[in-house]
Amino acid sequence: MFSQPPDHEKIITIERHILSEQQSHPEATGVLTSILYDLALVGKVIASQTTRGGLAEILGRTGNTNVQGEQVMKLDVLADRMVYRLNDHTGRLAVMASEEQEGIMNIPEEYSPGKYVLVYDPLDGSSNIDYNVSIGTIFAVYRRKSHSGPGTLDDCLQKARDLVVAGYLIYGASTMLVYTSGMGVHGFTLDPSVGEFLLTHSNIHTPQQAKYYSVNQGYEYYWSEGVRRFTHFLQGRDSLTKGLPLRYIGSMVADFHRNLLAGGIFYYPADTKDPRYTQGKMRLLYEAGPLAFIAEQAGGYGSNGMQSILEIQPTSLHQRTPLFIGNRPLVEKAEEFIRQYDLVRE
Ligand code: FBP
């Protein structure tokens with residue numbers, strides 16, 4: 001049974017979309033277009049595995065622990081290798097950095113280094129892989145700062161404000177690629193019948209009215225007073241506002257994506273439960289930074305509770321940060337509670 005051929009009027013591929021964007025950038029060389037196309041291919045390859053789940057021998061752990069001190073899942077390794085292999089020979093990148101790798105990843109000597117830098121979280125939501133819950137890949141592209149030769153650590157440690165492209169892939173009921181190159185946020189859905197990502201969500205803007213709040217409430221006991229009081233505010237406990245429903249998937253990409261489209265706030269504050277997370281759990285470079293860049297392009301805001309994530313200068317590849325991201329009024333409210341109840345006591 002042939003599926004209804006797509007309406008050719010609606011067929012806007014990533015390439016066509018970026019080429020139309022490029023028209024307003026006469027200096028553009030098309031390299032960024034190609035990098036995004038490479039990442040779309042990554043998405044197709046990973047999706048071809050995730051959609052087959054248990055059939056594809058990709059579930060479960062490898063038995064190893066990564067630089068974050070977390071159990072490494074088989075899909076973490078596959079996704080990490082996929083992103084690197086599909087990008088190491090293109091001549092477009094000078095260096096890469098991944099959540100799964102301790103240090104920077106240089107371009108193999110046989111290939112010439114390019115002018116861009118790719119940092120990425122190959123598989124976000126690892127704890128959900130075995131339970132058929134949406135997971136994702138987060139990516140961010142910078143221009144290199146060094147002039148030539150192999151890229152450096154310094155090329156990777158750039159503020160998210162200086163990003164040229166940020167995006168994520170989400171492997172859920174459908175596979176989507178959402179990106180911004182600083183000209184709005186656009187979503188593409190993978191059409192398995194043609195094997196192409198097609199534009200389905202143009203110029204995404206977060207609705208003014210927030211619909212959900214997303215946090216692992218199970219950790220409330222370990223939060224600061226400011227964060228606890230902010231959560232009570234969201235719940236309407238202070239009877240000043242009607243409470244918001246809680247929605248938490250445990251895959252940040254999926255929680256962020258829902259709130260980006262429906263309106264809401266996702267936060268992962270610092271907590272005293274796990275000594276690793278006293279500065280938050282999310283990684284600044286390849287989780288909080290790119291999503292904050294996207295949020296701002298969609299009319300939202302990303303903060304560490306005190307300042308914009310986009311303005312934080314990274315000092316190490318895997319540094320963590322508290323994260324509050326989504327509708328700007330709500331994120332600013334979180335900053336207000338933290339300023340009022342947490343900063344005073346120090
Ligand atoms: P990774 O899976 O990339 O390590 O990301 C961290 C993450 O899984 C987020 O996607 C998610 O929001 C959070 O951790 C869940 O943490 P917790 O289980 O503590 O709520």
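Modeller: Let us start with the named elements: helices (H or I, at least four residues) and strands (E, at least two) are DSSP runs, numbered from the N terminus. The model is a predicted one, in which local features need pLDDT of at least 70 and side-chain atom pairs count only at pLDDT 80 or more, while totals for chains, interfaces and linings use all residues. Residues are numbered from 1 along each chain as its sequence is written, and side-chain values use heavy atoms, with hydrogens and water left out.

Biologist: How do you tell a cavity from a pocket?

Modeller: On a 1 Å grid over the protein atoms alone, a cavity is a set of points where a 1.4 Å probe fits but cannot get out, whereas a pocket is an open set with protein on both sides within 12 Å along at least five of seven lines, and lining residues have an atom within 4 Å of a point. Points are joined across faces, edges and corners, and a volume is the space filled by probe spheres set on them.

Biologist: How many cavities of 30 Å³ or more are counted here, and what lines the largest cavity?

Modeller: The count is two cavities of 30 Å³ or more. The largest cavity, with a volume of about 40 Å³, is lined by Thr206, Phe256, Asn259, Leu260, Ala295, Gly300 and Gly326. Helix H6, residues 252–262, gives the most to this lining, with three residues. For classes, Ala, Val, Leu, Ile, Met, Phe, Trp, Tyr, Cys and Pro count as nonpolar, Asp, Glu, Lys and Arg as charged, and the others, Gly among them, as polar; the lining of the largest cavity then has three nonpolar, four polar and no charged residues.

Biologist: Which helix gives the most to the lining of the second largest cavity?

Modeller: Helix H7, residues 284–297, gives the most to that lining, with three residues. The second largest cavity has a volume of about 30 Å³, and among the residues that line it are Tyr142, Gln158, Lys159, Leu284 and Pro314. Its lining divides into seven nonpolar, two polar and one charged.

Biologist: Where does the ligand sit?

Modeller: A molecule sits in a cavity or pocket if more than half of its atoms lie within 2 Å of its grid points, and the ligand here sits in the largest pocket. Strands E5 (116–124), E12 (264–268) and E13 (282–283) are the elements that give two or more residues to the shell around the ligand.

Biologist: Which residues are the closest to the ligand?

Modeller: A residue is near a molecule if one of its heavy atoms lies within 4 Å of it; 19 residues surround the ligand, and the closest are Gly125, Asn216, Tyr248, Met252 and Tyr268. By class, the shell has seven nonpolar, five polar and seven charged residues.
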